[in-house]
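Colleague: I would like a close look at a single part of this model, with every cut-off spelled out. After that, please take me around a few other spots.

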Amino acid sequence: MALAFDEFGRPFIILKEQEQKSRLRGLDAQKSNISAGKAVARILRTSLGPKGMDKMLQSPDGDVTITNDGATILEQMDVDNQIAKLMVELSRSQDYEIGDGTTGVVVLAGALLEKAERLLERGIHPIRIAEGYEMASRIAVEHLERVANKFEFDDTNLEPLIQTCMTTLSSKIVNRCKRSLAEIAVKAVLAVADLERKDVNLDLIKVEGKVGGKLEDTELIYGIVVDKDMSHPQMPKQIEDAKIAILTCPFEPPKPKTKHKVDIDTVEKFQTLRLQEQKYFDDMVQKCKDVGATLVICQWGFDDEANHLLMHRNLPAVRWVGGVELELIAIATGGRIVPRFQELSTEKLGKAGMVREKSFGTTKDRMLYIEHCANSRAVTIFIRGGNKMIIEETKRSLHDALCVARNLIRNKSIVYGGGSAEIACSIAVEAAADRYPGVEQYAIRAFGDALEAIPMALAENSGLQPIETLSAVKAQQIKDNNPHFGIDCNDVGTNDMREQNVFETLIGKQQQLLLATQVVKMILKIDDVISPSEY
Amino acid sequence: IDRIFKDEASEEKGERARMASFVGAMAIADLVKTTLGPKGMDKILQSTGRGREVTVTNDGATILKSLHIDNPAAKVLVDISKVQDDEVGDGTTSVVVLAGELLREAEKLVATKIHPMTIISGFRMAAECARNALSQKVVDNKTDAEKFRSDLMNIAMTTLSSKILSQDKEHFAKLAVDAVMRLKGSTNLESIQIIKKPGGSLMDSFLDEGFILDKKIGIGQPKRIENAKILVANTAMDTDKVKIYGARVRVDSMARVAQIETAEKEKMREKVQKIIGHGINCFVNRQLIYNFPEELFADAGILAIEHADFDGIERLALVTGGEIASTFDNPESVKLGHCDLIEEIMIGEDKLIHFSGVAMGQACTIVLRGASHHVLDEAERSLHDALCVLSQTVNDSRVLLGGGWPEMVMAKEVDELAKRTPGKKSLAIEAFSRALLAIPTIIADNAGLDSAELVSQLRAEHQKEGCTAGIDVISGSVGDMAERGICEAFKVKQAVLLSATEAAEMILRVDEIITCAPRRREDRM
């Protein structure tokens with residue numbers, strides 16, 4: 001191990017407590033890293049595509065998650081290996097950036113690592129491999145631009161958008177009602193989209209779930225749904241043309257931040273204090289009433305007395321509303337969040353056409369619907385489903401669909417799915433490889449091979465003969481010079497993805513290639529792993 | 001290969017994972033299987049807590065809720081039974097059994113090398129077809145009040161017949177129907193209060209049209225008030241604390257202490273005076289009432305009830321039409337509750353306060369009597385099931401026959417579909433119909449009947465158009481369900497069908513189970 005000697009032949013220490021650390025270096029380090037990365041990719045491989053299987057994950061506390069969303073699987077897998085953690089990061093960044101394709105990016109990285117291993121065995125230096133990959137990814141990304149199609153949609157013709165979202169949803173458990181969910185996702189995104197600036201703020205779309213009912217009952221609400229009820233059971237359950245005061249101060253006696261003491265030593269003081277207190281509550285309610293509010297939404301709790309006063313003055317109120325929801329309500333109703341009672345004024349009130357309380361099932365669950373808001377820019381997707389896991393999975397699937405719709409609004413370019421884009425890139429990369437002199441040529445060719453891993457996995461998961469199918473499609477692409485041929489996962493009968501209406505976004509695909517290449521480069525560059533050994 | 005997971009975490013793949021989830025799910029289904037149907041048996045559940053408390057039940061949701069399960073697939077089944085309980089209240093056992101049977105059939109198909117996705121798409125088609133078959137056969141008597149009521153009675157009796165209350169099912173069905181009819185279409189079961197008092201027999205249970213509060217009347221206060229004006233409040237009646245933060249009492253002599261004490265008392269007296277000023281003769285508070293104000297109330301001849309729990313308060317406010325008050329400065333605008341008579345009544349050995357002639361007729365109280373706590377608890381659960389089903393039926397008045405009839409109808413339609421469908425899917429569709437047939441089989445088995453004989457007879461019977469035959473467990477033969485008045489709510493059956501299929505689908509889609517290392521907990525024992 002790392003042992004060095006000075007000029008007098010005495011050893012000196014480079015690594016502290018090195019006996020207790022395990023160390024891998026050189027080719028061994030790369031091999032072990034690659035095998036860890038491959039192991040992670042192997043787990044996700046079977047989840048790819050419309051016929052992909054789900055994974056069941058049991059958390060440390062025993063909760064069960066069933067999903068085939070790559071990011072979620074990796075997030076909850078609780079990995080210990082550092083390289084495996086890098087792969088987790090990889091899918092997470094794809095999730096943050098694009099929101100979809102989280103499984104594909106990991107599978108691709110796994111394939112790249114696998115090919116790199118072969119090249120390492122042949123004695124090619126890891127940095128050369130990394131550089132070759134880099135060049136290849138550039139070729140592939142450029143080629144993607146070439147095969148990409150612009151596609152047009154507007155407010156009247158949403159069909160293309162819906163089709164794209166359906167591609168995303170078809171690999172999830174919710175594919176039973178993918179049509180309606182895709183429509184919901186597209187409408188939600190369009191409702192909040194700023195088509196001028198091509199920007200979509202997904203924060204304005206709230207996804208709420210409630211166990212019970214069927215998946216088909218899932219609905220889009222142009223407004224906000226809050227999982228709260230009126231603070232007093234006898235307040236009105238329905239308010240029309242509500243003027244909403246949005247408060248972040250409690251209906252409670254003030255609690256100054258500075259330390260203070262009120263000393264009571266005489267009867268008079270005791271009595272004045274009491275009067276003060278009563279007046280304080282009265283003032284608070286009166287202020288809300290004075291500015292013309294007909295509904296109070298508060299982030300904090302209410303004192304019993306204040307609660308009754310509110311009820312008494314016929315001012316319905318909702319308490320303990322979370323900060324995020326409060327903001328959404330403020331955006332939707334066009335109101336301002338008011339931190340102090342003194343600052344309440346009429347123009348700061350939010351407006352909503354209808355606020356109502358709705359109850360569900362046989363339990364006492366109630367939710368508050370705020371609809372017909374002044375600013376319709378905030379929407380809620382309300383998911384119903386047979387059990388908690390279905391709802392959670394639907395939330396994740398809808399998130400993916402929303403992201404896809406958003407990406408399309410940002411950038412209207414699409415590529416065709418079903419592995420067709422990967423095959424096209426693979427052909428392009430392999431053709432380009434021969435033009436590069438030097439060792440990199442091999443790495444570029446390996447990259448082309450690795451790209452085939454995705455259509456291969458798709459075919460395998462769909463129960464087709466992977467090699468046969470892939471080679472047939474590839475030959476077809478070259479013969480017809482048409483990059484739209486892919487794997488026919490759903491057994492529709494045609495290989496042309498244009499006819500099957502299977503799209504993916506261009507930026508999503510490009511991001512996948514770039515991110516996977518980056519991570520593989522990073523892993524290849526590691527030649528020394530020092531870790532504390534088992535304790 | 002290096003380990004990727006943390007220590008103690010485990011990973012199961014492919015066949016093994018599928019096996020693990022099938023086995024887990026089927027084990028759960030087998031566990032509750034014997035409780036299905038009118039002759040189903042009960043289970044004893046003993047808690048691991050200090051009291052080693054014992055529950056005797058045959059309610060599927062209750063059994064599954066109290067199990068400690070480690071198998072993730074089994075947890076999915078527990079979850080669907082819980083949702084079934086929350087959503088429709090009954091059919092909690094059937095849903096688990098059906099999901100288990102579906103998985104049992106799926107396992108056989110997987111063993112013959114059929115891809116799970118093919119099975120799923122077959123199941124989906126079958127479930128859709130079964131649902132359509134059911135919705136075509138429903139009877140809706142919403143318009144005919146007389147018939148609707150008899151439907152409700154039949155549903156209640158069918159639900160109760162599988163429970164401990166089956167001996168007196170007619171009595172309880174009547175109780176439940178009366179209670180639900182009073183709700184006038186709302187599904188808010190909160191306004192039906194169930195009070196359990198050990199002693200007497202189950203037959204002594206009764207429905208009271210008024211409201212019963214399980215509290216005692218303060219000493220020295222009137223025991224009977226006619227034409228009562230009730231103020232329902234939620235306010236501190238001990239010492240009224242100063243709520244301003246940081247306030248404290250600091251005095252320098254005993255005399256001062258005495259003064260402040262008097263002031264405090266004065267304050268309380270004032271508050272009581274204000275309350276009395278509302279012109280009431282009954283005061284119900286959610287919080288404690290100390291001796292001093294209680295004495296003041298007694299002096300004024302006002303009935304004061306302390307420490308009514310939150311539900312009690314809300315319900316009382318609801319039935320008497322008063323509002324829950326916390327401030328007392330404006331007596332003229334506070335809405336008071338009214339009732340004709342408040343009196344103390346005795347049930348068994350306990351004294352309860354009975355409010356009769358209340359303003360709003362929606363709420364009512366069911367008093368359950370029975371030999372022991374276990375019996376009462378089980379009776380409450382059974383009655384809850386019946387109430388849930390009834391209140392759902394009031395909203396969605398579509399009704400089906402019971403006794404395995406709906407399953408036979410669905411199985412027949414699904415079989416037809418299988419014959420029409422080309423491809424491997426048809427095998428899955430066939431399997432679905434077999435799973436549906438398992439339910440009447442289990443019902444017959446649990447009753448100790450020759451299930452194979454009965455189910456095949458039933459199947460032959462169902463080939464006729466408009467057949468109403470089902471298994472009559474009491475006489476042990478195939479009988480006319482319409483005649484015997486065995487009914488089930490459409491909503492329950494539909495929820496059973498859909499959730500069971502959904503759960504089976506979910507488990508089938510899994511090809512890998514990753515279990516994280518359990519979180520280390522400090523030993524609290």
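Modeller: Let me start with the term we need: a cavity is a set of points, on a 1 Å grid over the protein atoms alone, where a 1.4 Å probe fits but cannot get out, and its lining residues have an atom within 4 Å of a point. Grid points are joined across faces, edges and corners, and the volume is the space filled by probe spheres set on the points. Please keep in mind that this is a predicted model, in which local features need pLDDT of at least 70 and side-chain atom pairs count only at pLDDT 80 or more, while totals for chains, interfaces and linings use all residues. Residues are numbered from 1 along each chain as its sequence is written, chains are lettered from A and ligands numbered from 1 in the order in which they are written, and side-chain values use heavy atoms, leaving out hydrogens and water.

With that rule, the model has 4 cavities of 30 Å³ or more. The part I have picked for you is the second largest cavity, which holds about 80 Å³ of space. Its lining consists of A:Q94, A:I98, A:D100, A:G101, A:V404, A:E504, A:T505, A:G508, A:K509 and A:Q512. Two elements of chain A, β21 (503-505) and α17 (506-524), each provide at least two of the lining residues; helices (H or I, at least four residues) and strands (E, at least two) are DSSP runs, numbered from the N terminus. The biggest share comes from α17(A), with 3 residues.

Now for the wider setting in chain A. Its domain assignment, with bounds from an automatic or database source, gives domain 1 (11-150 + 416-532) and domain 2 (230-375). The C-alpha centres of these two domains of chain A are 53 Å apart.

Helix α10 (residues 323-333) of chain A contains A:E325. This glutamate is buried, at a relative accessible area of 16%, where buried means under 20%, exposed over 50% and partly exposed in between (1.4 Å probe, protein chains only). Setting aside residues up to four places away in sequence, A:E325 touches A:K206, A:E208 and A:V226, a contact being heavy atoms within 4.5 Å. The loop between β15 (317-318) and α10 of chain A holds A:W320, whose phi is positive, about 55°, although A:W320 is not a glycine. A second case is A:N481, with a positive phi near 50°. A:N481 sits in the loop between α15 (466-480) and α16 (497-500) of chain A and is exposed, with a relative accessible area of 69%. As background, most residues other than glycine have a negative phi.

Over to chain B, which has 16 helices and 20 strands. Its C-alpha trace spans about 95 × 70 × 40 Å along the principal axes, and 54% of its 525 residues count as buried. Among its contacts with a separation of 6 or more, 74% are between residues 24 or more positions apart. The domain assignment of chain B gives domain 1 (10-139 + 400-515) and domain 2 (211-360), with C-alpha centres 53 Å apart.

Helix α12 (residues 405-420) of chain B has 16 residues and reaches 23 Å from first to last C-alpha, close to the expected 22 Å, that is, 1.5 Å times one less than its number of residues. Its buried residues include B:W405, B:P406, B:M410, B:V414 and B:L417.

B:D472, in strand β17 (residues 469-472), is buried at 5% relative accessible area. Beyond its neighbours within four places in sequence, B:D472 contacts B:S477, B:G479, B:M481 and B:R484. B:I194, in strand β5 (residues 192-198), is partly exposed at 21%.

Note on methods. 1 Å grid on protein atoms, 1.4 Å probe; cavity = no way out; pocket = protein on both sides within 12 Å on 5 of 7 lines; lining within 4 Å.
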